[in-house]
Amino acid sequence: MNDLIRKIAEIEKSLSEEKGNFKLFAVFSKKNIEGLWDIVISADWMKNEREGLDCISRKLTKELSIKEIVKISRIVYLDVNEKFVHAMNTMFNVKDHDLIEIENRDINGILVVKGYVLACQTGVSRSERVGQV
């Protein structure tokens with residue numbers, strides 16, 4: 001795992017503690033373009049695509065250097081009810097900010113050549129998690 005992925009993992013952790021758990025937070029390499037990454041996000045606390053993209057964009061801009069930011073090709077927001085999110089939640093269970101590296105895996109008809117799953121769970125809402133402490 002490279003430094004960029006480590007930093008993105010820290011951003012996921014920070015946002016999760018601040019806003020609530022992600023149903024999915026993953027980083028996938030661009031097919032046939034080494035060194036470029038897509039970030040895929042989904043969470044109950046995101047009311048819509050604009051909120052999700054704004055939230056993650058602000059955090060990335062604050063925490064990453066320009067050289068690191070240009071390695072992110074796009075940020076993809078998925079509604080929590082999307083089939084891809086459900087497929088990921090069925091295949092992986094990543095909690096407590098662990099991560100899983102995946103390679104050459106077909107997920108709901110999409111080939112993931114290389115990726116890191118930073119959060120993937122049916123999840124507990126922030127209010128439920130805070131109530132457990």
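1. Glutamate 68 counts as buried, at 12% relative accessibility. The model is a predicted one, and the points below describe its side chains as they are placed there. Glutamate 68 meets lysine 7 in a salt bridge, with 2.8 Å from N to O. Glutamate 68 belongs to helix 3 (residues 66–69) and lysine 7 to helix 1, and the two are 61 residues apart, so the pair links distant parts of the chain. Lysine 7 is partly exposed, its relative accessible area being 36%.

2. What does the general rule say about such pairs? Side chains of opposite charge can pair when their charged atoms come close. The structure holds seven salt bridges. Another of them joins the side chains of lysine 23 and aspartate 44, at 3.3 Å from N to O. This pair also links distant parts of the chain: lysine 23 sits in the loop between helix 1 and strand 1, and aspartate 44 in the loop between strand 2 and helix 2, 21 residues apart. Lysine 23 counts as buried at 15% relative accessibility, whereas aspartate 44 is exposed, with a relative accessible area of 53%.

3. Aspartate 38 and arginine 74 form a salt bridge in which the closest N and O atoms are 3.2 Å apart. At 8% relative accessibility, aspartate 38 counts as buried; arginine 74, at 47%, counts as partly exposed. Elsewhere, salt bridges with shared partners join Glu101, Glu103 and Lys114 into one network.

4. Lysine 59 deserves a separate point. This residue lies in helix 2. Is lysine 59 buried or exposed? Its relative accessible area is 13%, and the limit for buried is under 20%, so lysine 59 is buried. Leaving aside neighbours within four places in sequence, lysine 59 is in contact with Ile11, Ser14, Leu15 and Glu18.

5. Next, the nonpolar residues. In soluble globular proteins, nonpolar side chains tend to be buried together. Here the largest nonpolar core has 25 residues, and those with the most contacts inside it are Ile8, Phe22, Phe25, Ile39, Ile41 and Leu60. At least two residues of this core come from each of helix 1 (3–19), strand 1 (24–30), strand 2 (33–42), helix 2 (49–63), strand 3 (72–77) and strand 5 (110–120). Helix 1 gives the largest share, six residues. Apart from this core lies another, of 17 residues, with Leu24, Val40, Phe92 and Val117 among them.

6. Which residues does leucine 60 touch, leaving aside its neighbours within four places in sequence? Leucine 60 is in contact with Ile8, Ile11, Ile39, Ile69, Ile72 and Ile75.

7. The count of aromatic pairs comes to four. In one of them, phenylalanine 28 and phenylalanine 84 have ring centres 6.2 Å apart and planes at 80 degrees, so the pair is edge-to-face. Phenylalanine 28 lies in strand 1 and phenylalanine 84 in helix 4 (residues 83–91), so this pair ties together parts that are 56 residues apart in sequence. Both phenylalanine 28 and phenylalanine 84 are buried.

8. Tryptophan 37 and tyrosine 116 make a tilted pair, because their ring centres are 5.9 Å apart and their planes are at 45 degrees. Tryptophan 37 is in strand 2 and tyrosine 116 in strand 5, so the pair connects parts 79 residues apart in sequence. Tryptophan 37 and tyrosine 116 are both buried. Ring pairs also link Phe22, Phe25 and Trp45 into a cluster.

Technical notes
Residues are numbered from 1 along each chain as its sequence is written. This is a predicted model: local features need pLDDT of at least 70, side-chain atom pairs count only at pLDDT 80 or more; totals for chains, interfaces and linings use all residues. Side-chain values use heavy atoms; hydrogens and water are left out. A nonpolar core is a set of buried Ala, Val, Leu, Ile, Met, Phe, Trp, Tyr and Cys residues joined through side-chain atoms within 4.5 Å. Buried means under 20% relative accessible area, exposed over 50%, partly exposed in between (1.4 Å probe, protein chains only). Helices (H or I, at least four residues) and strands (E, at least two) are DSSP runs, numbered from the N terminus. Contact means heavy atoms within 4.5 Å. A salt bridge is a side-chain nitrogen of Lys or Arg within 4 Å of a carboxyl oxygen of Asp or Glu. Rings of Phe, Tyr and Trp (its six-membered ring) pair if their centres lie within 6.5 Å; planes under 30 degrees apart count as stacked, over 60 as edge-to-face and the rest as tilted.
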